Amino acid sequence: MCEKATATLTRKEMDLEEPRNILRYLSGDDETSTDDIIDRFSQISPKYDKILEAVGYDSPMQTAQTTAELFPDNREHIYILDAAAGTGLCAEKLFSYGFRKMDALEPSSKMLEEAKTKGLYRRCFINGLGENTLGIDDETYDAVTICAMSTVVMKKLPMKAFEELVRIIKPGGYIINTAFYRLFPEDGDDHARLYRANVKTLERHGRLKQVELRRFPQIFFDADGAVSVHKVLK
């Protein structure tokens, strides 16, 4: 006798349903404004860490591992800006690898409040990347990490945002950007054309050079992630 098919969710699936719905809400779509994305993250900030823990989110670890490979020695002296810092999940993993000099750049004050409780950052800037000039001196950092910035926001970043990153990083330093893999290849997400065009322009002008693109699986999101590393040449 055949067993009757059922659509009943398993306990594990039920436990994941809430974080899945929240992450869909946070992600928005290509029509969602940057301000709306920031507001959504602010709303969910007290629960953010637990949500990502529930889904086994490992982009912070992927980012930290790559950063550690780039800086095998004297990590306590490497100065890092954690851009789109969120609640400091990436900084926690960086700290576990011995990095001690970190600043945070985050447009959501609520997310940054959560990050500050972890005591990992020297300075915290309530700001984001865009047409604005960052209040940071030239050639301050050895590296900038961007771990899981909203893909919707990243796709819309203007050239000014990339120029600011290059400005504040020392020559020979790195931009370590972890996002969905589809953001990076030329045949990837069509809505990410502006992102890729801006990066290619800086490469052509001899200001950036890609030194790594490492793809990794993200089972929960049903879409691979990737760590893209660019060296700042100037």
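## Helices against the sheet

Helix H6, which spans residues 109-116, lies across strand S2 (101-106) and strand S3, and its direction is at about 170° to that of S3. Helix H9 (residues 193-204) lies across S5, S6 and strand S7 (225-232), running at about 140° to S6. Contact here means heavy atoms within 4.5 Å; helices (H or I, at least four residues) and strands (E, at least two) are DSSP runs numbered from the N terminus. Axes are lines fitted to C-alpha atoms, for helices over the stretch in contact, and angles run from 0 to 180 degrees between N-to-C directions.

The model is predicted, so local features need pLDDT of at least 70 and side-chain atom pairs count only at pLDDT 80 or more, whereas totals for chains, interfaces and linings use all residues. Residues are numbered from 1 along each chain as its sequence is written, and side-chain values use heavy atoms, with hydrogens and water left out.

## The sheet

The sheet is open and mixed in its pairing, with seven strands in the order S3-S2-S1-S4-S5-S7-S6, where two strands pair if DSSP finds at least two bridges between them. Strand S3 (124-126) and strand S6 (208-216) stand at the edges, and because each has a single partner strand, one side of each is left without a neighbour in the sheet. From one strand to the next, the twist averages 15°.

Strand S4 (residues 141-147) and strand S5 (residues 169-180) run parallel and are joined by six bridges; Val144 has Ile175 in S5 as its bridge partner.

## The second largest pocket

The second largest pocket has a volume of about 410 Å³. Of the 29 residues that line this pocket, Ala84, Glu106, Ala148, Met149 and Ser150 are the closest to its centre. A pocket is an open set of points on a 1 Å grid over the protein atoms alone, where a 1.4 Å probe fits, with protein on both sides within 12 Å along at least five of seven lines, and lining residues have an atom within 4 Å of a point.

Helix H2 (34-44), helix H3 (48-54), helix H5 (89-96) and S2 each supply at least two residues of the lining, and H2 gives the most, with five residues.

Glu186 lies in the loop between S5 and H9 and is exposed, with a relative accessible area of 56%; exposed means over 50% with a 1.4 Å probe, protein chains only. Not counting residues up to four places away in sequence, Glu186 touches Arg196 and Lys200. The C-alpha atoms of Glu186 and Arg196 are separated by 7.4 Å, the two residues being 10 residues apart along the chain.

Notes:
Points joined across faces, edges and corners; volume = space filled by probe spheres on them. Buried < 20%, exposed > 50% of the residue type's maximum accessible area, 1.4 Å probe, protein only.
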